[in-house]
Amino acid sequence: MQKLAVFDFDSTLVNAETIESLARAWGVFDEVKKITSQAMNGETDFHKSLILRVSKLKNMPLKLAKEVCESLPLFEGAFELVSALKEKNYKVVCFSGGFNLATNHYRDLLHLDAAFSNTLIVENNALNGLVTGHMMFSHSKGEMLLSLQRLLNISKTNTLVVGDGANDLSMFKHARIKIAFNAKEVLKQHATHCINEPDLALIKPLI
């Protein structure tokens, strides 16, 4: 029977927040970090915070952004866990409020079945401070998960999700196994399992 595993990307598959890594490389880290913390703890609207944070990256060269996005450190156990899931007949997908400059690279590296994220708008080989995409709202992951379940004819019972922040809450509603991975307290309260060590292989016994 086909099953579905959906992972958040930032601080779940990779041990980094993509937008913070971009901000550090562009010299606006402190401003972006403060907004990110508020968003992940559910203290501010995700969409507004995303727009504001991306605006700080205006004029960043695309070449630099690409280098940053393709050098994020994977969590230990990532390859091992994805292989184990595929052996158990899971489709393995990534949902991210981050950017396809990063998620497409790691989709290919980890042999994920798909990745859904947002797109940084580029003009003249530089970021123009704007963003578009499928994952711009706090409810986006939940809606995308429901669409995938319908498309693949996979039930909530056969769905596993893994995340770490408030914008993962919407997808937690539509899965039987809900794993909070080194997560914020707001997400742990809604999880069926909590992993508090930085090793994705610890999820293997739950599949």
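Contact here means heavy atoms within 4.5 Å. This is a predicted model, where local features need pLDDT of at least 70 and side-chain atom pairs count only at pLDDT 80 or more, while totals for chains, interfaces and linings use all residues. Residues are numbered from 1 along each chain as its sequence is written, and side-chain values use heavy atoms, with hydrogens and water left out.

**Stop one: threonine 159.** Select threonine 159 and show what surrounds the residue. Leaving aside residues up to four places away in sequence, threonine 159 touches Leu4, Leu145, Gln149, Ile154, His174, Ala175, Arg176 and Ile177. Threonine 159 sits in strand S5, residues 159–163 (helices, H or I, at least four residues, and strands, E, at least two, are DSSP runs numbered from the N terminus). Is threonine 159 buried or exposed? Threonine 159 is buried, because its relative accessible area is 2% (buried means under 20%, exposed over 50%, partly exposed in between, with a 1.4 Å probe and protein chains only). Now pick out serine 155: its backbone oxygen is reached by the side chain of threonine 159 at 2.8 Å.

**Stop two: histidine 111.** Jump to the loop between helix H6 (100–110) and strand S3 (114–123), where you'll find histidine 111. Check its backbone: phi is positive, about 60 degrees, although histidine 111 is not a glycine. With a relative accessible area of 57%, histidine 111 is exposed.

**Stop three: asparagine 125.** Next, select asparagine 125, in the loop between S3 and strand S4 (126–133). Asparagine 125 is exposed, with a relative accessible area of 60%.

Terms used: Polar contact = N/O pair within 3.5 Å; in protein donor to acceptor, adjacent residues only side chain to side chain.
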